[in-house]
There are 2 protein chains.
Amino acid sequence: MSSSLPVPIENLIESLRILPGVGQKTAARLAFFLLRNPEATRQKLGNSILDVSHNLRKCAKCGHFADETICGICQDTRRDQSIICVVEDALDLLAVEKSSAFKGLYHVLGGALAPLDGIGPEDLEIDSLVARLQAGEVSEIIVATNPTLEGEATAALLQRRLINFPMLKITRLARGIPVGGDVEYADEITLARSLENRVML
Amino acid sequence: MSSSLPVPIENLIESLRILPGVGQKTAARLAFFLLRNPEATRQKLGNSILDVSHNLRKCAKCGHFADETICGICQDTRRDQSIICVVEDALDLLAVEKSSAFKGLYHVLGGALAPLDGIGPEDLEIDSLVARLQAGEVSEIIVATNPTLEGEATAALLQRRLINFPMLKITRLARGIPVGGDVEYADEITLARSLENRVML
C-alpha cells in the first residue's frame, strides 16, 4: 500500500519528532500547521534553525553563547565586574537577566552535578571560574544553581572549590514563598526556609 | 544595554514562537534544546521545513496533499473506488487511515462550516465532491466530519447538497463510548447516542 502522505511531509513530521515532548501526533499537527502558514514564515523558521550554529561559540570568559570570542554581557563595561552570578545553563542566565535585578557578570557551568547521568565535577566549567577569580577583581559570587538535589550538590561543590579565596563573599539565591504564591499551598521545606530566612518588614 | 543573546539565537527563538502553543519561554527552551543537538539534526529539521512546500500540491481528485497531480491514495487501484470517506482535513484523513479499517478513497473538505470565522459553504471542497459523484462510480459516502457543532453543520450541508443522488448511500461515523473509555465518565449526549445506536452483541 502506498504511503498516505507525500515524502516531504513525512520527512517534516519525522524531523519534528526530535523536539522535546513531541510525539507522532503532535509532530503531524505541527507539520500541517506549518503547511497552512505562508511560505515566508516557513523559510524564516527553517533558515533560523540552519543559521543558528554559524559563528556561534561559547564566550571564552563566562561560557555563555556568543557570536564573538567574548559575549555581549562580558563585553558590557557598564556592568559590575566585581560580582559573578553562577548559573547552570543559558536558560537560567536569561531568567536572571530578565529579572533586571542583577547588573554583574555571569558564569555558565554547563549543567549541574548528576552522578547518575555521568555528569561529574570535571564536566562543569569550574576551573574556568577559579581562573576568573584568580585575577582578583571579583568580590562576590552569587550561586544561582537550581534548588534541586543536583543544584544543591553543585553549590556545595563550588563552596569547597572556592575555599582558597577567603576574601570572596559567596552567596546564593534566597529560598522562600514565590511572589504571588500562597502560604497555604507552599510545601513544608520552602515554608521552613522562608521562616529561617525571614527579613525585617 | 547589549542583548543577552547572540542575534542568531534571538532569531531562532522569535521564529519558533509562530508554532501553536509556543510562547517566549517555550521558544527559548526549544532553541537551547536544538543548540544542544548535533548540527546534522538541526540541518535535517531546517531543511525539512524549507523543503516541505517544494512540489507540494493538492490532489486534483480528493484535495489531500500530493507530490504529483493525483495523491498516492487516489492512485492506488487496489483501494475500493466505490466508497468515499469525507473528512475535514488531512489530520482527520491520517487518523482514519491509521485505523486500517477503511480501504476506500477520501475527499478532503478543507475545513468545516464556521460562519463566525467566515468559513461558508463556498470555502469547502463540496463542488469537487459533487463532480466526483457525477461520474457515477461511487455508491457510498461516509461523512467523517468531527462531532462538533461545525462538523455536524457541515454534515447536514452535505446531506442537502447530495440530495440529487438518490442511489447514493450516505452514512456517518458511529457515535458512542470510546473503546477503553468508561461508561461512568461518558457525557450524557454520547451515552444517549450509544443507546440509540446500540448493536447486537
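## Terms and basis

A residue is called buried when its relative accessible area is under 20%, exposed when that area is over 50%, and partly exposed in between, with a 1.4 Å probe and protein chains only. Helices (DSSP runs of H or I, at least four residues) and strands (runs of E, at least two) are numbered from the N terminus.

This is a predicted model, in which local features need pLDDT of at least 70 and side-chain atom pairs count only at pLDDT 80 or more, while totals for chains, interfaces and linings use all residues. Residues are numbered from 1 along each chain as its sequence is written, chains are lettered from A and ligands numbered from 1 in the order in which they are written, and side-chain values use heavy atoms, with hydrogens and water left out.

## How the two chains are related

Two copies of a chain are related by a rotation about an axis and a shift along it.

## A salt bridge between the chains

A salt bridge is taken to be a side-chain nitrogen of Lys or Arg within 4 Å of a carboxyl oxygen of Asp or Glu, and by this rule there are 16 salt bridges over all chains. One of them joins the side chains of K44(B) and E14(A), at 3.0 Å from N to O. This pair crosses between chains, since K44(B) belongs to helix α3 (residues 39-51) of chain B and E14(A) to helix α1 (residues 7-16) of chain A. K44(B) counts as partly exposed, at 42% relative accessibility, and E14(A) counts as partly exposed at 46%.

## Salt bridges within each chain

In chain A, the side chains of R172(A) and E152(A) meet in a salt bridge of 3.1 Å, N to O. The pair links distant parts of the chain, with R172(A) in strand β6 (residues 169-172) and E152(A) in helix α7 (residues 149-161), 20 residues apart. R172(A) counts as partly exposed at 40% relative accessibility, and E152(A) counts as partly exposed at 25%.

In chain B, a salt bridge of 3.1 Å, N to O, is formed by the side chains of R172(B) and E152(B). R172(B) is in strand β6 (residues 169-172) of chain B and E152(B) is in helix α7 (residues 149-161) of chain B, so this pair ties together parts that are 20 residues apart in sequence. R172(B) is partly exposed, with a relative accessible area of 42%, and E152(B) is partly exposed, with a value of 24%. Returning to chain A, salt bridges that share partners join E152(A), R172(A) and R175(A) into one network.

## A positive phi at residue 100

Most residues other than glycine have a negative phi. S100(A), although it is not a glycine, has a positive phi of about 60 degrees, and S100(B) likewise has a positive phi, near 60 degrees. S100(A) is placed in the loop between α5 (90-98) and β4 (105-108) of chain A, and S100(B) lies in the loop between α5 (90-99) and β4 (105-108) of chain B. S100(A) is partly exposed, with a relative accessible area of 48%, and S100(B) is partly exposed, with a relative accessible area of 48%.

## Two further places

L195(A) lies in helix α8 (residues 188-196) of chain A and counts as exposed at 54% relative accessibility. The C-alpha atoms of L195(A) and G176(A) are separated by 8.0 Å, although these residues are 19 residues apart along the chain.

In chain B, E68(B) is found in the loop between β2 (65-66) and α4 (72-75), and E68(B) is partly exposed, with a relative accessible area of 46%. From C-alpha to C-alpha, E68(B) and N55(B) are 7.6 Å apart in space, and they are 13 residues apart in sequence.
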